[in-house]
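Student: Can you walk me through this one? Keep it quick.
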Amino acid sequence: MGEIEESPGHRPLGARVMGFVALTKPRIIELLLITTVPVMFLAEQGVPDLWLVLATCVGGYLSAGGANALNMYIDRDIDALMDRTSQRPLVTGLVSPREGLVFGLALAVISTVWFGVLVNWLSAALSLGALLFYVVVYTMILKRRTAQNIVWGGIAGCMPVFIGWSAVTNSVSWAAVVLFLVIFFWTPPHYWPLSMKVREDYARVGVPMLPVIAANTVVARQIVLYSWVMVAVSLALWPLGYVGWFYPLVAVLAGGWWLREAHGLQARAKAGAAGAKLKEMRLFHWSITYVSLLFVAIAVDPFLR
């Protein structure tokens, strides 16, 4: 007898719970929190109220989790055809599409109310705006239509900077704008190396990520351009007077290493390297380390001024 596929409702409870957790993309949310909490320290110029930090983190997780769940609901057709996403809960049937949709919408509503009641309504509005931008503008409009998808779609990933600042001050400052721009210019050179690695996946489903429609040399040149702008913008906090000596030191050292990796990728692309020899994932992994170091320095700097 052939195996009979179990319906989502008959799967083991533990597996079902993990399926719903997977819908929130916890590893991506880790990066979002890395850019939220340190900004709260900078806004406070010291240690912010820890209950406020906790409330902001929980709200941020719920909001980003809702956005990610809705993203998976919308993209379940192409996720089924891509090796990298073929085991997502809505593809395997661990969670049904209707459950995924309801789950994502519920998290969107709960997170907005959570922010409004426990943090402030400015943070709630920014959180909801980020969610709508990611789901509607990026996932539904940009992703399948333009190679600039990750450039402008990345705005949603910049919003935690504003949310962290507004959670403490109930306002937005130029410091938050600078850090917003750092993440804006960080996102394409962070994601394009991964897109280079899995370009066949994106090509198979017709998603025009830049590495799908352009040669490695073109992608690498764009990565270098965005990298230089990102490093330059990251240093703007110092002349604006928001940080002391520690943050710019870390920004220069970490940024210098980033530029070394970016130019190394460009050199390998120009030399015709392909496959494992291109080593594009070196920059992808370093990009996560870079943003972690930069924002840890933001949190530490107020204590060393």
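Tutor: Start with a term: pLDDT is the predictor's confidence in each residue, from 0 to 100. This is a predicted model, where local features need pLDDT of at least 70, side-chain atom pairs count only at 80 or more, and totals for chains, interfaces and linings use all residues. Residues are numbered from 1 along each chain as its sequence is written, and side-chain values use heavy atoms, with hydrogens and water left out.

Student: Where does pLDDT stay under 50?
Tutor: Over residues 1-5. The model has two contacts for them beyond four places in sequence; contact means heavy atoms within 4.5 Å.

Student: And what is the mean pLDDT of the protein?
Tutor: The mean is 93, and 97% of residues reach 70 or more.

Student: New topic. How do the axes of helix 4 and helix 8 cross?
Tutor: At roughly 15°, coming within 9 Å. That makes helix 4 (residues 50-74) roughly parallel to helix 8 (angles under 35 degrees count as roughly parallel).

Student: Which residues of helix 4 make the contact?
Tutor: Ser-63, Gly-66, Ala-67, Asn-68, Leu-70, Asn-71 and Ile-74. Helix 8 (residues 121-142) brings Ser-127, Leu-131, Tyr-134, Val-135, Thr-139 and Met-140.

Student: Switching to Leu-237. Buried or exposed?
Tutor: Leu-237 is buried, with a relative accessible area of 0%. Buried means under 20%, exposed over 50%, partly exposed in between (1.4 Å probe, protein chains only).

Student: Where is Leu-237 placed, and what does it touch?
Tutor: Leu-237 lies in the loop between helix 14 (216-234) and helix 15 (246-270). Leaving out residues up to four places away in sequence, Leu-237 touches Ala-175, Val-178, Leu-179, Tyr-242, Val-243 and Tyr-247.

Terms used: Axes are lines fitted to C-alpha atoms, for helices over the stretch in contact, and angles run from 0 to 180 degrees between N-to-C directions. Helices (H or I, at least four residues) and strands (E, at least two) are DSSP runs, numbered from the N terminus. Angles under 35 degrees count as roughly parallel, over 145 as roughly antiparallel, 65 to 115 as roughly perpendicular and the rest as oblique.
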